[in-house]
Amino acid sequence: MVIDLDKCTGCQSCSVACKAENNVPSGSPEEHTRRLTPFWQKVIAVSSGEYPSVSIDLIPMPCMHCDDAPCVTVCPARATYKREDGIVMQDFRRCIGCKYCIVACPYGARSFNYKEQEEMPYHRPDLPPERADRGPWPFPRRVHGVVEKCTFCFHRIDAAIEEGKKVGEEVVPACAEACPAHAIAFGDLDDPDGNVAQLLSSRQATRLREEMGTSPKVYYLLR
Amino acid sequence: MTGSFITLEGRSRGYRNAVIALGALALAGLVAFIISYVAGHQTFGSSNTVPWGLPIVLAIYLIGLSAGSLILSSLTYVFGREEYRPIARLAVFLAVVLIFGAMLAILVDLGRPEKFWRLFMFFYMNNMRSMFAINGILYGGYFVISLVYLGIIFAGKAAAARITGIIAAAWAILVHLGTGAIFGFIAAREAWFSALRPLEFLAAALTSGVALLIVAVVATFTLTKREVKNDMIASLGRLLAAFIIVLLVLVFIDKLTHLYAPARDAVIYMLAGPSSWIFWVFQIGLGAVVPLVILFNRKLNKTVRWLMLAAAAVVVGVFFERYYLVIPGAAYPQAYAPGHIEGVWGATGSFALTPIEIILAVGIVAALGLFYLLGLKYLELTPALPPETKDDGETDP
């Protein structure tokens, strides 16, 4: 995934689209202030400089799907694992809720389900019937007491590969699809002719907290 | 074997009242656990910034107490220090009770406690690179080894007790190094990340273990009208002073290393941040300064009453050391990107202890006190009384 910070306006469309797509529970403002509400995708505002000369960076932060993910290392129950294609997954059935991964993640990408999810605010006929804590995504509900995180909308990717559609052009994760400024591009980083590689070669790119050595797979094109 | 051990009669009013009170508190803890299980961890003060709360503080604290008191028992059974023999059984029994409590505390902090067995499916369903899975082996093995150790001591086999004593003490050291590694190996949390953390935990374990042993022994012996040997407590006090100094040195080096390097914001937050009073008042004041003043005062360090006070201060101080590491330590915000992160994502985590988790923690401690009292009644832990003295009830140490 490549995110163009020059195009991002901080409109939070990606956060909202992610919540809708993955049925991530929403919470009250008080819960958000206490940091109880799960977020798979957040947009942080980073300011630098003093008053007359201030610059603000708006940085959308999904899970970075690190190549060497600390959460995978610390999970005692193998609930977090890396798929063949590099997506870091979370299996609710295995998760025991020890929260060690939340502690270990350098990007704050993981959220704990602090309470039982409320009734679904919308109807999703395309998803299989409720099976609360069974198996990985896509399942519309999960029980409280498990950790969850962004999956790069793997259900979309898997379906696209099955149907023979092109991932990254025809099918993208919900956040990329919803972005009105087309700031988020998704594709295969290993494909030298792919859209993502072309974007990366066009401008200077960086990754967050590279000093952690986690090799995140989300790149940011600098402003 | 010098001296024999007997059980308490446990018929006195004081004993019965203590059992009833502790039982009620433990029951309240159970209710609190059921509430937290049904309603989810929103009933705790923890959040996505401070994921671990009071139960984990309690867990690592109890592990420390347990490992400390087990290592001490080896003084008698391995090194043959006869002067500690009257309290050695008590020390091993305390270790068993406390490690059980620690595992209980971890269990109640799991989001899905019914899946706790997954922690013990070593190599099969566990990711053995996880410090938690490794500690699963350490804690589980420790529990089994200390039970076996206790059994061998009861059977009165000196040679076997010596060998298991060595294994148990070595294992106890591993347990504490492992517990420290849970925190020290996490690079994402600046306030935790340190190679010294396992050693600091070990020193804290020994310190609090001796201190709790002094408190438990003095309380039990006084309340059952046994003679508390001044010499024994005083020599334990000297041991305590040595451990406190080691712990202080480790804490000092750890903070200094992080203060010396230019990336010193996290340690400045720990030393002078909004909740640093916990560090200065409890961890340094109560956990080190007060006991050291008592222990190095030539008059005070001979009297059991003052030594007990010093030990109690350490027991409280080390608890807050753990508290300060787990809760305010995790609250230090992570720097996702260079610059100042605005709003809730860059704010220092808030943590308000909720009644539910306090009741839960008190309930676990009460349950351990209950086990301790029942152990005194049904196991031969306390040294036999000189004839014609009648034993009386006692309360929770």
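What is the handedness of the crossing of H3(B) and H4(B)? In this predicted model, for which local features need pLDDT of at least 70, side-chain atom pairs count only at pLDDT 80 or more, and totals for chains, interfaces and linings use all residues, the crossing of these two helices is left-handed, a crossing being left-handed if the near helix is turned anticlockwise from the far one by less than a right angle, and right-handed if clockwise. Residues are numbered from 1 along each chain as its sequence is written, while chains are lettered from A and ligands numbered from 1 in the order in which they are written.

Helix H3 (residues 85-109) of chain B and helix H4 (residues 131-155) of chain B have axes that come within 10 Å and cross at roughly 155°, where axes are lines fitted to C-alpha atoms, for helices over the stretch in contact, and angles run from 0 to 180 degrees between N-to-C directions. That angle makes H3(B) roughly antiparallel to H4(B), given that angles under 35 degrees count as roughly parallel, over 145 as roughly antiparallel, 65 to 115 as roughly perpendicular and the rest as oblique. The residues that make the contact include Val92(B), Val96(B), Ile99(B) and Met103(B) of H3(B), together with, among others, Tyr142(B), Ser146(B) and Leu150(B) of H4(B), contact requiring that the C-beta atoms of two residues, placed from the backbone, lie within 7 Å. By class, this contact comprises 14 nonpolar, 1 polar and 1 charged residues (Ala, Val, Leu, Ile, Met, Phe, Trp, Tyr, Cys and Pro count as nonpolar, Asp, Glu, Lys and Arg as charged, and the others, Gly among them, as polar).

H3(B) also packs with helix H6 (residues 197-223) of chain B, at an angle of about 120° and with the axes 11 Å apart; the two helices are therefore oblique to each other, and their crossing is right-handed. Here Ile87(B), Leu90(B), Ala91(B) and Leu94(B) of H3(B) meet Leu213(B), Ala216(B) and Val217(B) of H6(B), a contact with 7 nonpolar, no polar and no charged residues.

Chain A contains 7 helices and 10 strands, helices (H or I, at least four residues) and strands (E, at least two) being DSSP runs numbered from the N terminus. Four of the strands, in the order S8-S1-S10-S9, form an open sheet of chain A with mixed pairing, two strands being paired if DSSP finds at least two bridges between them. The edges are strand S8 (184-185) and strand S9 (205-206) of chain A, each of which pairs on one side only; S9(A) runs antiparallel to strand S10 (residues 219-221) of chain A, to which 2 bridges join it, and Ala205(A) has Leu221(A) as its bridge partner in S10(A).

Elsewhere in chain A, strand S2 (residues 42-48) is joined by 7 bridges to strand S3 (residues 55-61), and the two run antiparallel. They form a hairpin with 6 residues between them, where Gly49(A) in the turn has a positive phi of about 95°, and Ser48(A) stands opposite Ser55(A) in S3(A).

S2(A) is also joined to S2(B) by 2 bridges, in an antiparallel arrangement, with Val46(A) having Ile341(B) as its bridge partner. Between the chains, 42 residues of chain B are in contact with 47 residues of chain A. On the side of chain B that touches chain A, the elements giving two or more residues are H4 and strand S2 (340-341) of chain B, and H4(B) provides the largest share, 4 residues.
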